[in-house]
Amino acid sequence: MAEGMIKRLGSMLENKEISCTELTNTYLSAIESANGDLNAYIKVTPEAALDTAKAVDEKLARGEQLAPLEGIPMTLKDNISTKGIETTCCSKILEGYKPIYDATVWAELKKSNAVLLGKTNMDEFAMGSSCETSCFGGASNPHDIGRVAGGSSGGVASAVGGNIAAYGLGSDTGGSIRQPASFCGIVGLKPTYGSVSRYGLIAYASSFDQIGPITTTVEDASIVYDAISGYDAMDSTSQGRRGEPTVKTLKNDIKGMKIGVADEYLDGVSDEVRSVFEKACEVYRSLGAEIVRFKLPSLRYALPVYYILACAEASSNLGRYDGIRYGYRTANYKDVNEMVCKTRSEGFGAEVKRRILLGTYVLSAGYYDAYYKKAQNLRGSIVKAFKDAFETCDVILAPTVPMTAFKKGNAISDPIETYLTDICTVPVNIAGLPGVSIPCGFDGEGMPIGMQLIGDTFCESTILNAAWQYENAAGAEVFKPSAYGVKL
Amino acid sequence: MVTREDVINIARLSKLYIAEEELDEMTKAMGDIIKFADTINVASEQGVEEFDNINNLKNAFREDVVVPSYERDEILKNANDIDEGHFLVRKRV
Amino acid sequence: MQYEMVAGFETHVELATNTKIFCSCTTQFGGDPNTHCCPICIGLPGVLPKLNRAVVQYAIRAGLATNCHIANISKMDRKNYCYPDLPKAYQISQYDKPLCENGYVQLSNGRRIRLNRIHIEEDAGKLIHKRGDTYIDYNRGGVPLIEIVSEPDIRSVEEAKEYVEKLQQIMRYIGVSDCRMQEGSMRCDVNVSVRPVGSDKLGTRTEIKNMNSITFIGKAMEYEFNRQVELIESGGEVEQQTLRYNDSENTTSPMRGKEDANDYRYFRDPDLVTISVSDEEIDELRKTIPELHFEKVERYVGQFSLSEKDASNIAKYRRIAEFFEQASDGVKNPKTVANFIIGQIFRRLETEDDKESFDIKTTAAQLRELVKLIDDGKIRNNLAKSTLEQMLDTGKPASEFISESDMAGLDESALEGLCRKAVESNPKAVEDFKKGKQKAVKSLVGFVMKESRGKADAAAAEQLIISIIG
């Protein structure tokens with residue numbers, strides 16, 4: 001099995017096989033040659049990266065021990081606030097905006113000298129499943145650049161899958177970490193709501209958003225999760241990680257573990273995905289786990305519930321982009337109100353506008369009860385259905401996406417068709433649960449297929465352990481290196 | 001059913017302009033999305049759970065202690081137009 | 001036909017907490033524009049609110065002091081509307097689960113003005129329009145407010161004024177706000193409607209926004225009452241609308257048209273968690289509510305025999321009331337203390353603000369000592385008065401200004417000597433008195449008092465002088 005990039009680079013630095021500056025330069029030149037094809041990065045930050053690398057080299061020269069993520073070149077999705085570095089959510093409306101504060105996750109990583117290579121592409125305000133609503137154009141899939149990297153964290157997935165970042169942080173509101181990780185054949189963890197601070201993450205839908213790692217292996221995801229999770233006083237919904245670091249229990253035996261498979265998750269998935277998924281179930285059986293089939297009928301409503309609630313929150317969260325305090329402002333207007341309306345009409349893309357309008361509609365007088373309130377109650381039902389499920393099983397196993405990466409341009413044509421591809425990922429966000437997507441095979445055209453392990457709240461250890469066991473058992477069969485990026 | 005008037009009204013509340021010629025298309029698009037959203041209204045009422053907040057959290061408070069504010073230059077740094085320490089929207093003709 | 005006024009108030013009161021409601025910036029009034037700001041209170045992308053514990057406590061205390069029921073469970077909601085003074089395009093407020101409900105404020109005529117609710121929310125920034133340009137200052141953005149919503153129980157301008165004054169006194173007394181209307185820390189929206197006397201149906205109401213002076217509230221309500229009555233009398237109908245009061249013309253005018261009608265799309269703020277307050281916590285807060293103004297007035301009149309007016313003048317200001325109570329502790333006649341406060345001390349505190357802050361050099365204990373000298377018959381009122389002036393100037397105790405001999409008093413022969421001297425040195429006054437001008441004797445007594453440095457007994461001196469002249 002391939003060793004994770006974080007583990008590998010960490011030991012290379014410790015053993016002085018390479019200096020952090022050399023390593024950083026290697027990544028920077030790999031970005032230069034690959035990013036034209038991948039469009040993963042929308043901004044590269046070489047000076048800051050090399051400054052950090054120098055600090056790490058000095059530390060190594062003094063013979064000091066490095067922290068787990070120290071000196072490792074990485075990237076952040078462009079909705080994570082970075083002080084002094086343009087943060088745009090890939091929207092014209094945030095053109096030129098340089099935050100004056102750091103998101104808590106970045107402040108923490110910065111303290112341990114994480115080497116930020118640059119900011120990565122995403123669907124505008126994280127609204128999309130293909131990365132194509134980005135005002136910079138979409139990111140490409142490193143396994144076939146004619147296909148999308150997925151979304152919304154498409155840039156991070158493309159960069160990590162294409163070996164031009166050792167790992168990255170994305171955000172997951174309805175699948176935005178897990179789906180692109182699945183499309184690009186890598187690992188993506190959406191943590192329990194409240195375990196990673198949202199402070200500084202530019203909000204799409206506040207009660208769904210969660211920052212998490214996109215990495216090459218489960219162990220790497222576990223290392224990053226341990227580093228970024230924790231209580232943050234700045235975030236009222238923050239609770240932090242529960243229990244000891246997840247790396248400690250990563251390799252535990254899973255004999256007797258009860259793995260639930262809900263029929264509803266398999267409705268409508270492609271035959272190829274289904275057969276790869278069934279094979280993965282076999283691998284788990286061979287590891288001594290028990291596969292328990294069960295039903296989650298309330299999942300039928302998961303998609304509309306998600307779109308109603310997420311868009312309602314988004315319509316409110318995105319009200320602040322008015323051209324007054326930051327970002328884009330229209331050139332001509334006759335009064336303040338017209339300035340605001342024109343700025344927003346010119347600054348937001350079509351999908352963002354659609355979701356703002358939908359969100360405004362479901363909250364507006366006369367429709368609130370039928371949509372927002374009803375959806376909120378159904379959210380309660382879905383939360384309860386999962387709670388009940390975890391009475392009988394330890395984790396739930398499901399496909400991550402019903403299909404493999406689509407061809408570029410296909411997602412844009414029909415919004416509702418595109419919404420339907422989120423069917424397997426949104427339930428986790430509705431219930432605030434942790435979910436990790438890992439590669440489990442390929443389709444006939446060699447495109448990666450992913451599956452996700454879903455746990456009860458704050459049970460990251462359990463799902464990462466189950467994921468690691470599968471990854472270890474399945475070996476190289478499910479992992480294919482991309483032709484792009486650094487070769488070390 | 002989403003009407004043109006609905007779309008005009010929600011666009012006004014959202015501070016978005018929709019050009020006259022895009023209005024019909026947007027009304028249809030919104031209608032489709034709402035039809036999709038309407039599937040929740042065929043959900044049986046049974047098992048409806050009250051939803052409070054995601055982890056049923058209570059009382060996350062901050063103590064009432066002043067922390068120095070940001071330098072004004074920082075606060076105004078990203079603004080399009082400023083004058084005399086204020087954010088500014090200039091009159092245009 | 002006779003009409004009566006029906007009015008209700010929505011009163012915004014800025015809380016006197018140290019920091020804003022959702023961030024740690026100061027709430028201090030004034031300051032250069034945009035210097036009391038941080039990423040949270042200017043609504044930068046990605047920031048999150050964190051509720052100030054003191055805001056919840058202050059609001060609960062305001063609720064307890066106005067006889068409200070305190071909700072054990074409440075929450076914060078977003079009120080969505082886009083305006084440049086509102087940096088997030090929503091105001092975090094409370095919609096269907098306010099902290100306090102069902103209270104009342106009792107007026108002097110015995111009527112109770114019911115309070116529907118008190119909720120917490122954030123203030124907006126300040127817009128300045130100059131030559132068509134819009135300048136924006138967010139210093140005030142995020143300052144905590146309580147909104148006190150009354151039922152339409154007010155029937156006259158007088159009741160309205162008393163209601164606002166009463167709220168002001170209560171909030172100041174419990175220390176939750178300084179309620180300075182001219183600085184905007186207390187603002188009222190007034191709902192006014194009219195109906196024929198005897199009817200119990202409510203008429204269509206109009207809302208006069210953002211009133212920040214009690215005088216103007218009275219004038220605006222009167223204007224609006226007359227306008228509505230005239231409209232109805234002439235066959236018209238009152239239109240439900242929001243009005244602005246123009247104080248230079250004393251008129252009201254509509255603020256916005258119907259087409260701008262707002263739909264606030266309230267929903268629970270997902271960035272904030274449930275507020276849960278136990279009965280024990282509420283009881284603890286109840287213990288911090290001091291005896292209120294009107295309760296003190298009752299006690300001062302009953303227990304200390306002060307006049308209603310004097311009692312009210314003292315009790316109106318919390319610090320002065322405390323000073324009075326401490327200075328009166330153990331003295332024979334608290335009225336003397338009250339007279340010193342209302343007379344000499346108030347002369348030094350010209351404005352309401354001076355009285356509110358009550359910054360004087362003399363302590364309550366020092367005044368008490370002085371009054372005890374009078375009680376013990378050691379000095380007389382006049383000497384006490386002049387001594388108090390010196391005490392107030394210097395902050396020193398009475399003993400610094402009164403000697404043993406001052407306290408020894410005057411014996412009878414000394415008094416007689418002084419009275420004779422008075423008669424001899426003031427022939428004009430003696431002449432006037434003889435002609436029947438009774439008052440002339442006062443100036444002779446004054447002479448004696450002055451010569452004796454206040455030690456003489458004025459009444460005895462008067463008797464003596466009359467007998468000398470007569």
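This is a predicted model: local features need pLDDT of at least 70, side-chain atom pairs count only at pLDDT 80 or more; totals for chains, interfaces and linings use all residues.
The domain assignment of chain C, whose bounds come from an automatic or database assignment, divides the chain into domain 1 (3-285), domain 2 (291-408) and domain 3 (412-469). Residues are numbered from 1 along each chain as its sequence is written, and chains are lettered from A and ligands numbered from 1 in the order in which they are written.

Let me stay with chain C for a moment. The centres of domain 2 of chain C and domain 3 of chain C, taken over C-alpha atoms, are 30 Å apart. Five residues from domain 2 of chain C and five residues from domain 3 of chain C take part in the contact between them, where two residues are in contact if their C-beta atoms, placed from the backbone, lie within 7 Å. On the domain 2 side, helix H11 (residues 381-394) of chain C gives the most, with three residues; helices here are DSSP runs of H or I with at least four residues, strands are runs of E with at least two, and both are numbered from the N terminus. That side of domain 2 of chain C divides into one nonpolar, two polar and two charged residues, counting Ala, Val, Leu, Ile, Met, Phe, Trp, Tyr, Cys and Pro as nonpolar, Asp, Glu, Lys and Arg as charged, and the others, Gly among them, as polar.

As a whole, chain C has 16 helices and 17 strands, and its C-alpha atoms fill a box of roughly 90 × 55 × 50 Å along the principal axes. Its radius of gyration is 29 Å, whereas a compact globule of 470 residues would have one near 23 Å; the radius is taken over C-alpha atoms, and the globule rule is 2.2 Å times the number of residues to the power 0.38. Of the 470 residues in chain C, 42% are buried, a residue being buried if 20 or more other C-beta atoms lie within 10 Å of its own, exposed if 12 or fewer, and partly exposed in between, with C-beta atoms placed from the backbone.

Strand E5 (residues 77-80) of chain C is joined to E16(C) by two bridges, and to E6(C) by four bridges. C:Asp77 stands opposite C:Arg268 in E16(C), C:Arg78 has C:Phe267 as its bridge partner in E16(C), and C:Lys79 stands opposite C:Gln91 in E6(C). Which residues cover the two faces of E5(C)? C:Asp77 and C:Lys79 lie on one side and C:Arg78 and C:Asn80 on the other, and all are buried.

Now to chain B, which touches both of the other chains. Its contact with chain C takes 28 residues from chain B and 32 residues from chain C, and E3(B) gives the most to the chain B side, with four residues. E3(B) also pairs with strand E10 (residues 133-137) of chain C in the antiparallel sense over three bridges, and there B:Leu88 has C:Tyr135 as its bridge partner. The contact between chain B and chain A takes 36 residues from chain B and 53 residues from chain A. Helix H1 (4-13), helix H2 (23-37) and strand E3 (86-89) of chain B each supply at least two residues of that side, and H2(B) gives the most, with six residues. The side of chain B that touches chain A divides into 21 nonpolar, seven polar and eight charged residues.

Finally, chain A has an open sheet of eleven strands with mixed pairing, in the order E1-E3-E2-E6-E8-E7-E12-E13-E11-E9-E10. Strand E1 (41-44) and strand E10 (290-294) of chain A stand at the edges with a single partner strand each, so one side of each is left without a neighbour in the sheet. Strand E9 (residues 258-262) of chain A pairs with E10(A) in the parallel sense over five bridges, and A:Ala262 has A:Phe294 as its bridge partner in E10(A).

Notes:
Two strands pair if DSSP finds at least two bridges between them.
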